[in-house]
Amino acid sequence: MDVLAGLPEATILRDFESLEPFLRDESHVRGVPPLAVVKPHGPKALRELVRRAKAEGFGLVPRGAGTGKAGGCVPTERTVIVDFSEWPGDLRVSPQDLCLSAPASAPLREVKAAAEAEGLFYPPDPNSWESCALGGTLATNAGGPNACKYGMTRHWVLSVDALLEDGELHTFGIHSVKANAGPSLGQLLIGSEGIFGFIVGATLRLTPLPREFATLLLPVKRWEDLLDLPGRLCGAGFLPSAFEFFDPAVLAELRAHGPEAARRLPGEALAILEFDDRGCTSEAFLEGLLDLLGPVADGLEIASDARQRQGIWAVRRMTSAFLKERHPGKVSEDIVVPRSRLREFFEGLDRLDFPSISYGHLGDGNLHVNLLAAGETEPARLERQLMDLFRLSISLGGALSGEHGIGLAKRDAFLALSDPGQIAALRAIKQALDSCGIFNPGKVI
Ligand SMILES: Cc1cc2nc3c(=O)[nH]c(=O)nc-3n(C[C@H](O)[C@H](O)[C@H](O)COP(=O)(O)OP(=O)(O)OC[C@H]3O[C@@H](n4cnc5c(N)ncnc54)[C@H](O)[C@@H]3O)c2cc1C
């Protein structure tokens, strides 16, 4: 029986070749062939999908641009992928309300550009910002380098438009920074990875666009010298808008095999530090910063213009894809620890029984620990290594994911390592919002 026959307002893909790209995202996880891929063009399609999924017992897997790194949008048994790329809607900026409304299908780069065109700023900047969709960033609560100053996606969402199990569209929240009429269901949907329903759009909070940037390359001779810096800077009132790093192994790979711009990168290890406060390029600000950094700042380079700044960021943004191309079997994790525990984390990592290399968001303690030999490691051994890594992060007051989420990739670890009370509460909420279990089955919990 064709469970999608006559589905209104939708493009439907069913042939093997069209379905193939939807079996994966940017994680190491692979899905099973879905029943079909549906690209809805309006609420009628979603309403009907929800009705048929409940009646016929199949699951609905929401998908944005498929750049996720946790296997959240890959199909599980007997599911239909609901791809939001053709969902309609316009981007609308309201400078008076300092907000922007957009459909889930909007590319994040267009959301950021629409804000900028009005002199406004939407800070969330996952390094995939040129390729991911707004809906995916809402569902994963994405956060990139700017998170160390501006927080993650959830801090910038005023209201969420969603279609839930009742098949109806609802708006949770209002277009104002102040709203306190009961617990926020909108915030519950942010970071829910598609397990509670479909997010079809949102209204986002904006702030005036920063106009002044101090972008610094900070090479160090002993890489451990970087580890106390995020805490020291924040403790002294310097809050970078980004603080990224490459450990010695990642830097060596970039220098040896990366693009031209990466081959000249200095140091044993390297940090990219950026400030965007008004006055951050003034002598007084930079002198204060240098005083605080002390001898660590010996090789400091400051980007002198926008082109140099873009060059530095281009290298940072290509690092994930570059490492994946060089080590296709690697597993990349995204654990997080409080910035004051970074040194303890790396001491603990040294004691663990496996080689790894790291880069990422040092400023907020969110570290991409890469196990390059994962592809050649016996699966049970790899699982033990990952569990040791997660336990180490959690023991230092951190978490097993700082930004990518749980999806399929970290589900078992999440269930094993979380407070049982938290899992029970999440399951109770899931049962209340999705009693038939149709939304993204098998993910997260
Ligand atoms: C090179 C690279 C760099 C990256 N850097 C970062 C980074 O710095 N920070 C970061 O946070 N992430 C990063 N990511 C991961 C990823 O890009 C983000 O998680 C992004 O938000 C996913 O968006 P997407 O549109 O591709 O979502 P998908 O991958 O399509 O989906 C992700 C999850 O959201 C759900 N979902 C998607 N759309 C909807 C919807 N409309 N309604 C309900 N649920 C939905 C899916 O079911 C899935 O669980 C990176 C990925 C790559 C490849």
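Mentor: A residue is near a molecule if its C-beta atom, placed from the backbone, lies within 6 Å of it. This is a predicted model: local features need pLDDT of at least 70, side-chain atom pairs count only at pLDDT 80 or more, and totals for chains, interfaces and linings use all residues. Numbering starts from 1 along each chain as its sequence is written.

Trainee: How many residues surround the ligand, and which are the closest?

Mentor: The ligand is surrounded by 38 residues, and G64, G68, G72, G135 and G136 are the closest.

Trainee: Which element gives the largest share of the shell?

Mentor: Helix 4, with five residues. Helices (H or I, at least four residues) and strands (E, at least two) are DSSP runs numbered from the N terminus. Strand 3 (59-63), helix 4 (134-140), strand 10 and helix 11 (306-326) each supply at least two shell residues.

Trainee: Switching to the open sheet, what is its strand order?

Mentor: The five strands run 5-6-10-8-9, with antiparallel pairing; two strands pair if DSSP finds at least two bridges between them.

Trainee: Why is one side of strand 5 and of strand 9 left without a neighbour?

Mentor: Strand 5 (92-94) and strand 9 (169-173) are at the edges with a single partner strand each, so one side of each has no neighbour in the sheet.

Trainee: And how many bridges join strand 6 and strand 10?

Mentor: Five, between residues 99-103 of strand 6 and residues 198-205 of strand 10, in the antiparallel sense. In strand 10, G201 is the bridge partner of P103.
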